[in-house]
Every structure is written in C-alpha cells, then in structure tokens.
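Here is a walk through one protein model. Look over the sequence and the fold first.

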Amino acid sequence: MIKIRRSEERGHADHGWLDTYHSFSFGDYYDPEQMGFGALRVINEDKVAGGGGFPKHPHRDMEIFTYVISGALQHQDSMGNSEVIRPGEVQRMTAGTGVYHSEFNHSPAEAVHLLQIWIVPERKGLQPGYAQKRFEPQLNQLQLALSRDGREGSLTLNQDVNVYIGHVEKGKAVEHRIGPGRKVWVQLISGGLKTDAGTLGAGDGLAVSGESGLKVEATTDAHFLLFDLADQ
C-alpha cells in the first residue's frame with residue numbers, strides 16, 4: 001500500500017515568530033488517525049523568524065533529530081553542548097533519562113527553516129547523548145544519515161530506523177528495497193517526485209507498507225528524507 005499525505009492535510013499553526021506544520025499529532029493539533037508511523041512519532045516543519053526560538057524546555061525517552069534546510073539554528077543543552085546547526089547538518093539528541101535544551105534562530109534577521117523529527121527509542125532510561133554531523137549532498141542516490149549501527153558514516157540512533165537523505169536531479173530516479181516486515185515514509189522537502197501513488201509536492205509525505213520496494217523519479221530537482229523502519 002502506498003498513500004500520500006498531502007502538505008495541506010498536516011496540522012498548522014502560525015505563532016508569528018514560528019510557522020509550523022505537523023505531519024502527526026503534536027501540541028494543539030490532534031488527529032487520532034495521525035499518531036505516527038511505527039517508531040516515527042513527530043515530523044515538524046518549522047520556519048522560525050529572525051531572533052525567535054524555543055526557550056529551555058525538557059524532554060525524556062525520545063530520539064530527537066534536527067535537519068536544517070536553510071538558515072542556522074543555535075542549540076544549547078543541559079549536557080553542556082552549544083552548537084550551531086547549518087544546512088546539510090544532522091543533529092541527534094538522545095533525551096533518555098532527561099535533558100533540557102533550547103533552540104534559537106542564530107540570525108537576528110534571516111529565518112531558519114528546519115525539520116525536527118522525534119523517534120520513539122527501543123527502550124526507556126537511556127543515557128542522554130548528542131551528536132552532529134554534516135552530510136555533503138550525494139546526487140541521485142540515497143545517503144544514509146542515521147542508523148542503529150552507525151554504518152556508512154551515519155550517526156547512531158537508538159532504534160531500528162534508517163534515515164536517508166535524497167538529492168535527486170530532474171528526470172533521475174532512485175530505488176529503495178524494502179525488507180520483509182519493514183515500511184517506509186518519505187518526507188519531501190522541496191521539488192517534485194513521481195511515485196506509483198501520484199506526484200508529490202513540497203511538504204507532502206508518502207507512507208509505504210506491504211511493498212518490497214519503492215521507486216521515485218524527480219519531476220524537478222528534489223530534496224527529501226526517507227525513513228526505513230520496522231512495521232510495528
């Protein structure tokens with residue numbers, strides 16, 4: 001089964017300093033039919049105005065990663081990390097037994113555009129942790145960015161989830177094999193993708209289950225994340 005989740009179907013809130021879209025239930029947006037996709041619990045697309053941001057707040061028992069699309073994000077946490085996250089960089093924070101962190105736009109004027117993703121960890125009570133890495137774009141292939149075992153230079157993730165970055169040029173296609181008992185979510189950041197279920201536009205998601213593989217073709221230069229996870 002392949003199903004498209006259109007961008008305009010997502011939850012949306014505009015707080016002035018923050019324009020945010022929620023692929024799954026989050027905050028004041030609640031839809032019992034959209035509570036996540038397996039271990040994938042949150043995909044928030046945020047645009048934070050210059051000088052804006054999220055003051056210090058707590059998390060626990062969640063794998064949280066941030067992917068900056070444009071602009072720059074200033075991160076600080078109770079583990080002592082103080083970093084700036086820029087386009088092409090992936091930041092992973094294991095909240096585990098509990099952390100506090102803040103995220104602010106690094107610029108007083110330019111907006112920062114990012115995805116923040118939450119993944120339910122394989123067990124509770126993990127030691128908090130932090131990692132950050134830049135991934136140079138690799139055209140027309142799927143680039144592994146996060147995985148349980150850290151293979152191929154990916155960041156480690158405390159869950160059986162593989163996260164790939166895709167940069168595909170117009171007219172080119174990539175294929176992904178889906179193993180038994182696994183499913184895939186695609187989140188399109190920009191451009192267009194042609195799939196067996198129809199064409200995706202920016203902000204659209206694609207849920208794939210019960211399939212042995214997925215092929216996507218770029219109708220315009222496309223940038224997306226692909227999540228391969230256990231079918232639970």
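Leaving aside its neighbours within four places in sequence, which residues is Arg10 in contact with? They are Arg5, Tyr21, His22, Ser23, Tyr29, Glu45, Gln187 and Gly203, where contact means heavy atoms within 4.5 Å. The model is predicted: local features need pLDDT of at least 70, side-chain atom pairs count only at pLDDT 80 or more, and totals for chains, interfaces and linings use all residues. Residues are numbered from 1 along each chain as its sequence is written, and side-chain values use heavy atoms, with hydrogens and water left out.

Arg10 sits in the loop between strand S1 (2-5) and strand S2 (11-14). Strands are DSSP runs of E, at least two residues, numbered from the N terminus. Arg10 has 8% relative accessibility, so it counts as buried; the cut-offs are under 20% relative accessible area for buried, over 50% for exposed and partly exposed in between, with a 1.4 Å probe and protein chains only. Its side chain makes polar contacts with the side chains of Ser7 (2.7 Å) and Glu45 (2.9 Å). A polar contact is a pair of N or O atoms within 3.5 Å; within protein, one must be able to donate a hydrogen and the other to accept it, and residues adjacent in sequence count only if both atoms are side-chain atoms.

Now the pockets. A pocket is an open set of points on a 1 Å grid over the protein atoms alone, where a 1.4 Å probe fits, with protein on both sides within 12 Å along at least five of seven lines; lining residues have an atom within 4 Å of a point. The largest pocket is lined by 21 residues. Leu18, His22, Phe26, Asn44 and Phe54 lie nearest its centre. Two or more lining residues come from each of S2, strand S3 (18-22), strand S4 (40-48), strand S5 (53-59), strand S10 (99-105) and strand S11 (112-119).

The second largest pocket has residues including Met1, Phe24, Phe37 and Trp185 in its lining. S1 gives the largest share, 3 residues. Ring pairs link Phe24, Phe37 and Trp185 into a cluster. Rings of Phe, Tyr and Trp (its six-membered ring) pair if their centres lie within 6.5 Å; planes under 30 degrees apart count as stacked, over 60 as edge-to-face and the rest as tilted.

The whole structure holds 5 aromatic pairs. One of them, Phe26 with Trp118, is edge-to-face, at 5.3 Å centre to centre and 80° between the planes. Phe26 lies in the loop between S3 and S4 and Trp118 in strand S11, so the pair ties together parts 92 residues apart in sequence. Phe26 is partly exposed at 26%, whereas Trp118 is buried at 15%.

Definitions and conventions:
Helix = DSSP H or I, 4+ residues; strand = E, 2+ residues; numbered from the N terminus.
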